[in-house]
Amino acid sequence: MIEWILDIAPREGMQFALGGVQSLKLEVDRLQLPLLVRIWAQSSRDGLYYDSGELTGPARHVVAAVVLANRAAQLDDVAASRFFQVLEQSAAQNEVALRREMEPEDAVKRSADLKRFIKYYDRAVEVRIVPRGEAEENFSLDAVGAAASAGFAAASGRWELRLAVDDIDPVMTLAFGPDQTKSLTLALSLPLANLARGDLKRFFAIANSLSAALNGIWTDCAARPIDAGGAMQIAEKIASQAKLMSAGGVTPASERAKLLFSH
């Protein structure tokens, strides 16, 4: 229930031409929705479902799904109406009805509920890395870039770390702090962190590694050093948050979490 799914099945003995599926994809792309839209088509040749861009022949079933909400946006009345109309026109061209599990107004209501869920659980653990020694010392961009190159990828205004090939958004980010080059902020996204995979241990290990490479120390955001006891407290709070989020229907780092907590 995190996506609004609509589907079209031609009448018995009929099928979608390849061009018809591609045309539908173009029309959906033209909407420029701020939410992820995925379109699959069932091949008439082998009965398997393919992403619309990978289809090589006619199809006998088309499914379109839009994520109802994410970190950046939520489905509103206008977007829902436009998305519905595009699919409805495609169905009409095939002289069949558009099937859906929710009406547009219900999808919009559901998106509002999901947006509240996202806002509540969209949290991060942050540590601050500061130069060891005099307060006026700064981190150079080149030195930080070199230290971050082991795992992080450069992005706009920060460095990002993804831990799986299907990660939409980064699990960890590194950026200069509020006092610019005098500090760095390393953040772990809680909805995207997989504790069983050891993401928190890796987070602390990266904080240590970056501090050593840059001749710095790492603290909490109030400049208090984090000792072993502090790290255990952080781990306990994160585990409690993950358990609560899972009880709400979304397990951290799952496919559902990656769709909801994306930009």
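## The second largest pocket

Strand E9 (172–177) and strand E10 (180–189) each supply at least two residues to the lining of the second largest pocket, and E10 gives the most, with three residues. Strands (E, at least two residues) and helices (H or I, at least four) are DSSP runs numbered from the N terminus. A pocket is found on a 1 Å grid over the protein atoms alone, as an open set of points with protein on both sides within 12 Å along at least five of seven lines, while a cavity is a set of points where a 1.4 Å probe fits but cannot get out; lining residues have an atom within 4 Å of a point.

The model is a predicted one, in which local features need pLDDT of at least 70 and side-chain atom pairs count only at pLDDT 80 or more, whereas totals for chains, interfaces and linings use all residues. Residues are numbered from 1 along each chain as its sequence is written, and side-chain values use heavy atoms, with hydrogens and water left out.

About 190 Å³ of space lies in the second largest pocket, where a volume is the space filled by probe spheres set on the points, and grid points are joined across faces, edges and corners. This pocket is lined by 14 residues, and those closest to its centre are Arg 71, Arg 158, Thr 173, Ser 189 and His 263. By class, the lining has six nonpolar, three polar and five charged residues; Ala, Val, Leu, Ile, Met, Phe, Trp, Tyr, Cys and Pro count as nonpolar, Asp, Glu, Lys and Arg as charged, and the others, Gly among them, as polar.

## The largest pocket

The largest pocket has a volume of about 310 Å³. Its lining is made up of 15 residues, and Val 125, Gln 233, Ile 234, Lys 237 and Ile 238 lie nearest its centre. Two or more residues of this lining come from each of strand E6 (124–131) and helix H6 (228–247), with H6 giving the most, eight residues. The lining of the largest pocket divides into seven nonpolar, four polar and four charged residues.

The structure holds one cavity of 30 Å³ or more, and the largest cavity has a volume of about 40 Å³. Among the residues that line this cavity are Leu 190, Ile 238, Gln 241 and Pro 252, and the lining as a whole has seven nonpolar residues, one polar residue and no charged ones. Ile 238 is also one of the residues nearest the centre of the largest pocket.

## The overall form

The protein has seven helices and 11 strands. Its C-alpha atoms fill a box of roughly 75 × 35 × 35 Å, taken along the principal axes. Of its 263 residues, 46% count as buried, a word that stands for under 20% relative accessible area, with exposed meaning over 50% and partly exposed in between (1.4 Å probe, protein chains only).

## Two single residues

Gly 57 is found in the loop between strand E3 (49–51) and strand E4 (59–67), and with a relative accessible area of 4% Gly 57 is buried. Leaving aside neighbours within four places in sequence, Gly 57 is in contact with Leu 18 and Arg 45, where contact means heavy atoms within 4.5 Å.

Arg 30, by comparison, is found in helix H1 (residues 18–30), and counts as exposed because its relative accessibility is 55%.
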